[in-house]
Amino acid sequence: MEQELKTEATRNLITETAFMQFYKNGFKATSVNEIMKATGLSKGAFYHNFKNKDELGVLVVKTALNKRIYQAMIEPLYAQGEAKTILKTTFLNKFQAFTSDEKLMGCPVNNLINEIGGSQNLLNEALKDLIESWVKALVQIIERGHKDGSIKQETNPQQAAIYLVSSFEGMRGIRKLYSDDTNWNAYRFALENYIDQL
């Protein structure tokens with residue numbers, strides 16, 4: 001039991017460290033050596049827990065990135081109340097919570113998609129699963145809005161969900177180009193207006 005806990009703690013440390021390294025430096029530019037140096041563990045500890053960096057990348061997506069998206073963008077959608085209000089609050093609260101560093105570095109999910117998206121591997125599949133979970137949760141809240149009358153019946157849940165994810169992630173990428181929040185704030189008002197019109 002003690003060995004299992006130690007192994008789990010080691011895997012968690014490597015995964016969390018890898019997440020930060022991938023976020024700061026990119027997946028391809030980050031070596032196993034750099035990850036292990038940042039953990040203070042030996043390279044042997046890496047290969048005891050993972051076959052390769054791709055396997056670690058899949059775990060980063062399924063744990064660290066999935067947790068971030070779930071806590072910030074999915075879990076709040078299941079709150080009680082009017083669907084449109086919950087939808088708007090979820091997006092705007094997260095939008096306003098980004099730190100200066102997060103604005104400059106962009107979204108870790110979006111960064112990874114731009115870097116490795118389209119490749120036919122498990123990392124790509126893990127990213128697709130994450131985005132599809134987010135879209136599915138948005139479809140459900142929009143359908144709830146149909147039932148409670150806060151969202152127009154003619155609003156297509158799938159189309160609106162895909163648009164919300166795409167525009168939100170797109171703005172996070174675009175913000176990296178600018179040194180101030182002018183475009184960022186303009187998007188925030190456009191996002192709020194879009195949700196109001198659903």
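**Close-ups of an all-by-all helix set**

The protein has 10 helices and 0 strands. What you are looking at is a predicted model.

**Figure 1. The whole chain, from one end to the other.** Starting at the N terminus, the elements read α-α-α-α-α-α-α-α-α-α. Along the principal axes, the C-alpha atoms fill a box of roughly 55 × 40 × 30 Å. The protein has 198 residues, and buried ones make up 44% of them. If you take contacts between residues at least 6 apart in sequence, 68% of them join residues at least 24 apart.

Figure 2. The protein splits into domain 1 (1–50) and domain 2 (52–197). Their C-alpha centres lie 27 Å apart. How many residues of each domain are in contact with the other? On the domain 1 side there are 19 residues, and they meet 23 residues of domain 2.

Figure 3. An unreviewed UniProt entry places the feature "domain: HTH tetR-type" at residues 8–68. In the model, residues 8–68 are 80% helix and 0% strand, with the end C-alpha atoms 20 Å apart. The record, again as an unreviewed entry, also puts the feature "DNA-binding region" at residues 31–50. Over residues 31–50 you'll find 75% helix and 0% strand, and here the end C-alpha atoms are 14 Å apart.

**Figure 4. A look around Thr15.** Thr15 belongs to helix H1, which covers residues 2–25. Is Thr15 buried or exposed? Its relative accessible area is 4%, so Thr15 counts as buried, the cut-off being under 20%. Setting aside neighbours within four places in sequence, Thr15 is in contact with Phe50, Leu56, Leu59, Val60 and Thr63.

**Figure 5. The largest nonpolar core.** This core holds 58 residues, and the members that touch the most others are Leu56, Leu87, Phe91, Trp134, Leu138 and Phe168. Which helix gives the largest share? That would be helix H8 (residues 122–148), with 12 residues. Because domain 1 (1–50) and domain 2 (52–197) both contribute residues, the core lies between them. As a bit of background, nonpolar side chains in soluble globular proteins tend to be buried together.

**Figure 6. Phe91 and the residues it touches.** Leave out residues up to four places away in sequence, and Phe91 still touches Met73, Trp134, Leu138, Leu164, Phe168, Leu191 and Ile195. Trp134, Leu138 and Phe168 are also listed with Phe91 among the core members that touch the most others.

**Figure 7. Phe98 meets Trp184.** Searching the whole structure turns up 13 aromatic pairs. In one of them, the rings of Phe98 and Trp184 have centres 5.7 Å apart and planes at 70°, so this pair is edge-to-face. Phe98 sits in the loop between helix H5 (83–97) and helix H6 (100–105), while Trp184 is in helix H10 (residues 182–197), so the pair ties together parts that are 86 residues apart in sequence. Both Phe98 and Trp184 are buried.

**Figure 8. Trp134 meets Phe168.** Why is this pair called edge-to-face? The ring planes of Trp134 and Phe168 stand at 90° and the centres are 6.2 Å apart, so the pair is edge-to-face, a label for planes over 60 degrees apart. Trp134 is buried, with a relative accessible area of 0%, and Phe168 counts as buried at 2% relative accessibility.

**Figure 9. The ring cluster.** Step back from the two pairs and a cluster comes into view: ring pairs link Phe91, Phe95, Phe98, Trp134, Phe168, Trp184 and Tyr187.

**Figure 10. Arg188 over a ring.** Arg188 is part of helix H10 and counts as buried at 15% relative accessibility. Which ring does Arg188 lie over? It's the face of Phe189, with 5.2 Å to the ring centre. Apart from neighbours within four places in sequence, Arg188 is in contact with Leu92, Phe95 and Gln96. Phe95 is one of the residues in the ring cluster.

Note on methods: Residues are numbered from 1 along each chain as its sequence is written. Side-chain values use heavy atoms; hydrogens and water are left out. A nonpolar core is a set of buried Ala, Val, Leu, Ile, Met, Phe, Trp, Tyr and Cys residues joined through side-chain atoms within 4.5 Å. Buried means under 20% relative accessible area, exposed over 50%, partly exposed in between (1.4 Å probe, protein chains only). Helices (H or I, at least four residues) and strands (E, at least two) are DSSP runs, numbered from the N terminus. Domain bounds come from an automatic or database domain assignment. Contact means heavy atoms within 4.5 Å. UniProt positions are given in the numbering used here, feature names are shortened, and annotations may be inferred rather than shown by experiment. Rings of Phe, Tyr and Trp (its six-membered ring) pair if their centres lie within 6.5 Å; planes under 30 degrees apart count as stacked, over 60 as edge-to-face and the rest as tilted. A charge sits over a ring if NZ of Lys or CZ of Arg is within 6 Å of the ring centre and within 35 degrees of the ring normal.
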